[in-house]
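Please look over the model below before reading on. The text takes up a pocket, then a helix, then the surroundings of an RNA strand.

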Amino acid sequence: MSSSEKYRALKGMRDVLPPDIYLWQQVERTAAELFSSYGFNEIRTPIAEATNLFTRGIGEGTDIVEKEMYTFEDKGGRSISLRPEGTASVVRCYIENQLHTLPSPQKYYYAGPMFRYERPQSGRYRQFYQIGVEAFGSASPVLDAEVISMLCHFLARLGLTGLNVQINSIGCPTCRPGYIEILRGFLGDRQTDLCSDCRRRYLTNPLRILDCKVDGCAGVRQGAPHVVDHLCSDCSDHFNTLQLLLSHLEIPYTVNHEMVRGLDYYTRTAFEVTSANLGAQNAVAAGGRYDRLVKECGGPDVPAVGFAIGMERIIELMKQTCPAPVRAPALYIAVLGERALQRGLGIADTLRNRRIWVETGDYTASLKSQMRKADRLGAGFVFIIGDDELAAGALRWKLLSDGSEGTTPFSAVTSFFESRLR
RNA sequence: GUGAGCGUAGUUCAAUGGUUAGAGCACUGGAUUGUGGUUCCAGUUGUUGGGGGUUCGAGUCCCCUCGCUCACCCCA
């Protein structure tokens, strides 16, 4: 709104406040509980890394490293970047800590902010949060299925419905080059009808033409050969077994032949969960297999699968079905005078030790204003303590929902309150 | 990086180019002593995002700028 002097959060970055914060906590708690039942352990890596970890890991030609990274020099002249995604950091962590020496597969999850310098829009922020999962050390499609299944259960446990799971296989270094040539052959004489980006992609990364959203390109690629029909036998077996497992697990999915992931490191399985209830940025979670990345980053030849969940997008969907819960104190202690305040503070302490949310009033304010404040906070009970109550050794209580009132001795406060709580 | 829409009180919104820019909600206090919600009364809040221009006169028209929103691109 007004005034250039006021500080505001940077473009594309925002505060998370109550009541939304309780949804965030719920999502994080659910992830921690569910993922650990699948044997995934949390890890925390720094939010900044050497820039070349990302350029090498994510791929020189990707938009993310080409134009979206927050990159700066530290005081020692080193090029540092804020992480634009989580996988590269986790891979670095896996290699640096020699986690391959532990029994395979090693399974980890992380949660935290990522940074990309993009133009913000609905569901897209410059600082955004992901919960990600990475499993190292098994090339088996069983692990792909486990990870996809875990993701679906996670989303279901949060009460999200109407989501769409799409999978595809984009092959491996053995079969992908062959497919790319076949694709180029198909597109060959129709190149001129492609958009300018796709004409460039024809040379650099023809796979990306498959998921270009420009109308003309969709027409040009109609009838294009599917990757899945040109996989080597290993990749083909892998993909078929994955589908079989997903069916056994009763996970509804569709094969999307046009889905290729944007990051260079993916091999074989690629998958994505989308929602029709978001804006243009409709991916809720996405991931895939990256069997060559660990080696490419200087580690042992270890295959891996993972995915990342877009926190803000999950939260948005949750808010559409049920609003964020409003929290309110169970008890407000209205106090009249300093002696009453002292008594009230003691009671508050006792009950707080029993995990009860208690607020105390301002003894210089009128009872009316304290009552009003209790009501505004949505407190369940009010305790009233004044000279009369101190003399009688019993406080007045009032249940705000129906206005009922009574007295109870100070000595019986704990048991009174706990029995009335449920 | 490209395009479009929108910027008026804490908030939601009014105000044919024409007095001192208003209203609801919210907030604070009060309606006989120590009782919330509903009601009534009173009070507080603005560089109309900022800068320039047109005009006798600009919240209103024009230009620039900043911000927000949405979309493209790309992605979670």
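On a 1 Å grid over the protein atoms alone, a pocket is an open set of points where a 1.4 Å probe fits, with protein on both sides within 12 Å along at least five of seven lines; its lining residues have an atom within 4 Å of a point. This is a predicted model, in which local features need pLDDT of at least 70, side-chain atom pairs count only at pLDDT 80 or more, and totals for chains, interfaces and linings use all residues. Residues are numbered from 1 along each chain as its sequence is written, chains are lettered from A in the order in which they are written, and side-chain values use heavy atoms, without hydrogens and water.

The second largest pocket is lined by 18 residues, and those nearest its centre are Cys152, Ala156, Leu163, Val165 and Pro252. The largest share, five residues, is from α5. The volume of the second largest pocket is about 290 Å³, taken as the space filled by probe spheres set on the grid points, which are joined across faces, edges and corners.

Helix α5 covers residues 141–157. Helices here are DSSP runs of H or I with at least four residues, strands are runs of E with at least two, and both are numbered from the N terminus. The expected span of a helix is 1.5 Å times one less than its number of residues. Twelve of the 17 are buried, so α5 is largely enclosed by the rest of the structure; buried means under 20% relative accessible area (1.4 Å probe, protein chains only). Among the buried residues of α5 are Leu143, Val147, Leu151 and Cys152. At the N-terminal end, Ser140 caps α5 with a side-chain oxygen 2.9 Å from the backbone nitrogen of Val142. After α5 comes Gly159, with a positive phi near 85°.

RNA strand B is surrounded by 51 residues, the closest being Arg124, Arg201, Arg208, Ala283 and Leu400; a residue is near the strand if one of its heavy atoms lies within 4 Å of it. Sugar and phosphate make up 57% of the atoms of RNA strand B that come within 4 Å of the protein. Bases are also contacted: a polar side-chain atom of Glu389 lies 2.8 Å from a base nitrogen of RNA strand B. α13 gives the largest share of the surface near RNA strand B, six residues.

Methods. Buried < 20%, exposed > 50% of the residue type's maximum accessible area, 1.4 Å probe, protein only. Polar contact = N/O pair within 3.5 Å; in protein donor to acceptor, adjacent residues only side chain to side chain.
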